[in-house]
Amino acid sequence: MTGRLPFDEINQECLVVLSVIKGDLPSIASNKEISQVRALCVMMTRCWTINPGLRPTAGDFERSINLMDRIVPTKIEATEIENHSARLLRTLGDTSYKNHKYEEAKGYFRSALLIARLAGNMFEMASAIVGEGNVYLSQSKNVEAEAAYTEAMEIFAGLGAEAHVARTLGSLGRVHASRNDYPKAEASYAKAKEIYARLGEEQGIADTILGSGRVYQSWNKHSEAETSYIEAQNIFARLGAENGVADAIFGLGEVYSSRYEHSKAVKSYGEAKEIYARLGNEQGIADVIRGLGRVYQIWNKHSMAETSYLDAKEIYTRIGAEKGVADASCGLGEVYFSLSEHSKAEALYTEAKEIYTRVGDKLKVGDVMCKMGEVDCVLGKYTEALASYTGAKGAYAHLGDEGKVASALHRLARVHGQWAKHSEAEASYTQAKEIYTHLGNEIEVAGISCELGSTYNLMRKYSKAEASYTEAKEIYAHLGNEREVASTSCELGSTYNLLRKYSQAEASYTEAKEIYGHLREERKVAEAMCGLGWIYQSWNKRSESRASFEEAKEIYARLGDETAVAGVSWEMVTVYQLLGECSEAEASCAEAKAMYARLGDEGRVAGVTAALAETYYSLGKYPEAEALYTEAKEIYARLGDEEDIASAMWGLGQIYRSWDKHYEAEASYNEAKEISARLGDGYTVACLMWGLGRVYRSWNKHLEAEASYTEAKEISVRSGFDAVAAGIITELGEVYKLLGKHSEAEALYDEVKQIHARLGDEEEVEEIMRRLGQV
């Protein structure tokens, strides 16, 4: 391949012998010509090993050489030179493709196609088109790949080259699988297998069965995948095709990994790695090590996963497999993300994205941008998370992958929801739902309908929430998914409670309870009983509420779940208070506090204390409420929990305002405001300024009230907190009326009317119209 002998730069034989003894052998991997065929590099290195026992046998050598790319030099007649040139260019294209040099490979294939077309060589034309299709498939350009394979297949069929028709059908199967169109992929492989069977080509049969196994694996049909891989392995073994045997065993490792059968996965990966090593298949070795990384990651063996991904990445880097490097970087990023080392994960995802972009794999670009979005969300980078998911959506849209576009929209909706941008979340959820409906993906439609229901509840659009949950429940019932029917019934129960449709709420939670009982899921039964407890509490059926909570508490106690028992005791504090059973309320609070204290959960001890304080406040027992909020504040201070310190101060501010202790109320609200501002909690700052406005208003300090309400309004409007903004603007209008600023009050009422109309609050719109009439 090089036209040179080893050590041709050394003139003295003794120096050559000395170099061999020292192991100072000629570089192979860095050689421009030989490095194009990586398996040849590995085989030459093994042949030159000093220890004869470690050198390959003649059989190993023959099997390995037979797997390598080649074009046999022959005497060429002048009339055949075009055909030979096309074949040579196509082989160079295959070599570049296997070395992940896709643009270079595409150039060779197009040149081969041009020459073959000029020579009228239909076979070489079709072969070059297949090569170009392979490049497109590796770049996730499925439309172009399908078109290329279809064109090539038609040419092969016209030539009667059935074996090549079958091979191209297999390639089409890969295209369909990459689009998640598994029935079409399965059909393509079945047709290919039929042709190979008719031709008696066992190697082709084994290849199609292996391909079918990969389809079933992606389709989550693990049993069918396992059967296919075992069948393919047996045929390859009978043919002595070791690389095929290794591929099948590697596939089995992937199946066992997906089924969380970690020991079996590790065993299969080990067997595959041993064969790949014997054949000098470094790509296969790296793939196995990366697979082991996934297993260790699922197994929560993070240090072993990290080592595996690093080892795989080193091999991919050495052999120039850029996509492998990117895949390993993504795996490493996931490990670091699991370990909360977010800056490391971010750097690795960025590296992977750059590689995928460079090789033109838009599908992987989209996938890694979704991972980057996850990191951004955890780090609280709202704008960056939106950019990541929007970029992923664009990449998927360019590929025409509607399912992935819907997935990116789904993620965008969750980001909007996380930052309380409910209108934007609604729009993204709706778009995703429309796509999934078009694709006939009922399970995703149901899931999004549930999340839309939660969003509508947050937007106080309870009727829309009811409709969304009802739609989801009907789909789950149609699919026979009882567990999700019960879960959605609980969500419906909560929504009916908000709509004050208490009988429907009762029926929903009761249905959920019965289904969970049938499924023998006691914990879920207890959760449904808690739901009934909340309903009865809102419905003023306090005895039934107490009975429901007590039944839930008994179940949790039987399950030995002290945390849940304490939680129910906490809920029952309010029930007892409403029943006028103050001593039982205090006892229940003491029980919950004692349990949380025993569990070492000081945060919840403080939470129970604050809850009892809120109850006393609602009953007008201000001294008791003041003492409890102060106790909660001290615990939060000891824990260094600034957010909850601010919450306790907010509670104290409300007590002092209702108690007409204006100085203390002002001080409490201001202290809470300073903490919340430092934490960047705009929502709480707006609410606290609203509270301060009320303090100044009851104190007859109208100018100070105006200033506080105005600041609260600016924050809430700027941040999109529509419901809060509506309340603040309404009260600011009342202040303007007291100050004689009637035109300003009228403008504010008109503004708040528009907000309520946007939120669908018809009753509030009518109330604002009434106030406008009074200005």
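I began with Glu334, which I found to be partly exposed, with a relative accessible area of 25%; I take buried as under 20% relative accessible area, exposed as over 50% and partly exposed as in between, with a 1.4 Å probe and protein chains only. This is a predicted model, in which local features need pLDDT of at least 70 and side-chain atom pairs count only at pLDDT 80 or more, while totals for chains, interfaces and linings use all residues. Residues are numbered from 1 along each chain as its sequence is written, and side-chain values use heavy atoms, with hydrogens and water left out.

I then looked up the partner of Glu334, and found that its side chain meets that of Lys371 in a salt bridge (2.4 Å, N to O), a term that stands for a side-chain nitrogen of Lys or Arg within 4 Å of a carboxyl oxygen of Asp or Glu. Lys371 lies in helix α18 (residues 362-378) and Glu334 in helix α16 (residues 322-338), so the pair ties together parts that are 37 residues apart in sequence; helices here are DSSP runs (H or I, at least four residues), numbered from the N terminus. Lys371 counts as partly exposed, at 21% relative accessibility.

Next I noted a salt bridge between Glu562 and Arg598, whose closest N and O atoms are 2.4 Å apart. Glu562 lies in helix α28 (residues 562-578) and Arg598 in helix α29 (residues 582-598), so this pair links parts that are 36 residues apart in sequence. I recorded Glu562 as partly exposed at 31%, whereas Arg598 is exposed at 56%. A search of the whole structure finds 51 salt bridges.

Where do the two helices meet? I found Phe250, Glu254 and Ser257 in α12 in contact with residues of α14 that include Asp287, Val288 and Arg294, contact meaning heavy atoms within 4.5 Å.

Last, I looked up Arg290, which is also placed in helix α14 and counts as buried at 18% relative accessibility. Not counting residues up to four places away in sequence, Arg290 touches Tyr309, Ala312, Tyr316, Asp327 and Ala328.
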